[in-house]
Amino acid sequence: LEADEHDQALALYRKLKERQAGAPNALIDFQIGRLALVNRHFQEAAEAFAAVEEALDSETEGNEATQRVREQLLRQPEVTFALFGESYLRAGQLDKAEAAFRRANREKPDAPSLAFRLALVERERGDSSKALKLLDEYFTAKTRSAGLAPYVLLSELIDGRPAKSDDDKPQKSTTEDAVGTSSDTTAVAKS
């Protein structure tokens with residue numbers, strides 16, 4: 001989808017949620033969060049994902065419909081929780097971002113990715129030395145799973161540059177594939 005289409009889709013999901021006033025719907029909230037993140041409405045994304053996370057945590061047992069929703073949202077739980085973490089990070093909710101990234105790692109352990117994501121959190125907290133130590137863990141693993149982002153972060157930390165404002169950050173997030181192209185997460189929209 002193009003940016004214009006993302007805006008339109010987000011508006012449609014907002015209207016759908018309004019029509020279901022009072023009735024929580026984790027699938028709608030998930031799509032609102034996903035589209036809000038892509039559209040750089042970070043606070044709205046974090047709020048929507050917080051509602052989804054609350055629903056997932058509170059609905060351990062339930063009717064068949066509830067179980068189907070859980071199955072769709074947790075088809076790739078590590079992607080889902082990394083997406084939550086990304087939105088919390090972008091919204092400045094650093095403790096929630098860290099918790100979501102750690103939860104993603106519990107679902108599918110990936111120590112280098114966790115180290116990189118936590119380095120982002122520490123940079124936002126203003127702890128450059130901790131962020132550098134975490135980046136060292138990422139680089140020691142000799143992986144390239146996060147693309148160029150760790151190198152950009154390293155450069156910023158070495159140069160002593162502060163974290164970029166949301167307007168200056170590149171459009172691509174650390175979980176962009178999950179936001180925009182993963183068939184598992186976008187399949188939720190078709191359900």
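## Close-up views of the predicted model

**View 1. Y151 in helix α9.** Y151 is placed in helix α9, which covers residues 149–159 (helices are DSSP runs of H or I with at least four residues, numbered from the N terminus). The model is predicted: local features need pLDDT of at least 70 and side-chain atom pairs pLDDT 80 or more, while totals for chains, interfaces and linings use all residues. Residues are numbered from 1 along each chain as its sequence is written, and side-chain values use heavy atoms, without hydrogens or water. Y151 has a relative accessible area of 43% and is therefore partly exposed (buried is under 20%, exposed over 50%, partly exposed in between, with a 1.4 Å probe and protein chains only). Together with L148 and V152, Y151 forms a nonpolar surface patch with about 320 Å² of accessible area (Shrake-Rupley method, 1.4 Å probe). Patch residues have over 30% relative accessible area and no salt bridge, and nonpolar side chains are joined within 5 Å; a salt bridge is a Lys or Arg side-chain nitrogen within 4 Å of an Asp or Glu carboxyl oxygen.

**View 2. G160 in the loop between α9 and α10.** G160 is located in the loop between α9 and α10, the latter spanning 176–181. The relative accessible area of G160 is 57%, so this glycine counts as exposed. The C-alpha atoms of G160 and S128 are separated by 8.3 Å, although the two residues are 32 apart along the chain.

**View 3. L35 in helix α2.** L35 belongs to helix α2, residues 26–38. With a relative accessible area of 1%, L35 is buried. Its contacts (heavy atoms within 4.5 Å) include H6, A9, L10 and Y13, once residues up to four places away in sequence are set aside. E5 is 30 residues from L35 along the chain, and their C-alpha atoms are separated by 9.9 Å.

**View 4. The aromatic pair of F116 and Y138.** Six aromatic pairs are found in a search of the whole structure (ring centres within 6.5 Å; planes under 30 degrees apart are stacked, over 60 edge-to-face, the rest tilted). The ring centres of F116 and Y138 are 5.8 Å apart and the planes stand at 50°, so this pair is tilted. The pair links distant parts of the chain, with F116 in helix α7 (residues 111–125) and Y138 in helix α8 (residues 128–140), 22 residues apart. F116 is buried at 2% relative accessibility, and Y138 is buried at 0%.

View 5. S87 sits in helix α5, residues 77–90, and is buried, with 0% relative accessibility. The S87 side chain reaches the backbone oxygen of F84 at 2.8 Å. Leaving out residues up to four places away in sequence, S87 touches L37, F42, A45, A46 and F49. F49 and F84 also belong to one aromatic cluster with F30 and F81.

View 6. Most residues other than glycine have a negative phi. In R40, phi is positive, near 65°. R40 is found in the loop between α2 and α3, the latter spanning 42–58, and is partly exposed at a relative accessible area of 23%. K142 also has a positive phi, near 55°. This lysine lies in the loop between α8 and α9. K142 is exposed, with a relative accessible area of 75%.

Note on methods
Helix = DSSP H or I, 4+ residues; strand = E, 2+ residues; numbered from the N terminus. Polar contact = N/O pair within 3.5 Å; in protein donor to acceptor, adjacent residues only side chain to side chain. Patch = residues over 30% accessible without salt bridge, like charges linked within 9 Å, V, L, I, M, F, W, Y side chains within 5 Å.
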